[in-house]
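Hi everyone, thanks for having me. Could you put the structure up on the screen, please? I'll take you through it a piece at a time.

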Amino acid sequence: MGEIIEIIEVLNPGSFRIRFSVTGEERVVSVDPDKRDVFHLQDDNSLMPMACPFLRKICNKKYVCVVHTSRPELCCQYSCYRILVLDSQETKVERRRMLPGISLQ
Ligand code: SF4
C-alpha cells in the first residue's frame, strides 16, 4: 500500500494529507490518539518499504492501522493485509495474506 497511499503533506505531527496514486484522490487522515506513541516510535518503512505508511507492528504478528478512525473509504472496503489472486480470466483463484500469519487490528 505504500505505493498506493502516499503522504503528500504533513499538516501537523498527527495529521497528513494523503493521495491515492491510482485515483488521484486526496484526503486528510489523523493518527488515532491512542496510537500516537506506536506511530512515532516505529518506522517500519525500512522493514516493509511497500507497506502503507500508517501500518505499525504492535506485537509479534499483529499490526495496527494508526489512522483507523479516519482511514480512507477505500480502506473500509477491503483488508489491506490481504490480496486477491485472479487468473488470466480475472476469476478469483484464492485470497492470500500478504504477510503470512499477520493480522491487522
Ligand atoms: S487501513 Fe490503514 S494501514 Fe491499511 S492501507 Fe488503509 S490507511 Fe493504510
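Let me begin with one cut-off. Two rings of Phe, Tyr or Trp count as a pair if their centres lie within 6.5 Å, and planes over 60 degrees apart make the pair edge-to-face. Please also keep in mind that this is a predicted model.

So, how many aromatic pairs does that rule give us? The count is three. One of them is Phe 16 with Phe 39, whose ring centres are 5.6 Å apart and whose planes stand at 70 degrees. Since 70 is over the 60-degree cut-off, this pair is edge-to-face.

Which residues make up the cluster linked by ring pairs? They are Phe 16, Phe 39 and Phe 54.

Now, are Phe 16 and Phe 39 buried or exposed? Buried means under 20% relative accessible area. Phe 16 has 6% relative accessibility, so it is buried. Phe 39 has 9%, so it is buried too.

Phe 39 has another contact to show you. The side chain of Arg 56 reaches the backbone oxygen of Phe 39 at 3.3 Å. You'll find Arg 56 in strand S4, residues 55-59. Its relative accessible area is 5%, so Arg 56 counts as buried as well.

Let's go back to Phe 16 and look at its strand. S2 pairs with strand S3, residues 26-30, in the antiparallel sense, over five bridges. Within S3, Phe 16 has Val 29 as its bridge partner, and Arg 17 has Val 28. The hairpin of S2 and S3 has five residues between the strands, and there Gly 24 takes a positive phi near 80 degrees.

If sheets are new to you, here is the background: strands of a sheet pair through backbone hydrogen bonds, either parallel or antiparallel.

Conventions: Residues numbered from 1 in each chain as written. Heavy atoms only, no water. Phe/Tyr/Trp six-rings, centres within 6.5 Å; stacked < 30°, edge-to-face > 60°. Buried < 20%, exposed > 50% of the residue type's maximum accessible area, 1.4 Å probe, protein only. Helix = DSSP H or I, 4+ residues; strand = E, 2+ residues; numbered from the N terminus. Polar contact = N/O pair within 3.5 Å; in protein donor to acceptor, adjacent residues only side chain to side chain. Pairing = 2+ DSSP bridges.
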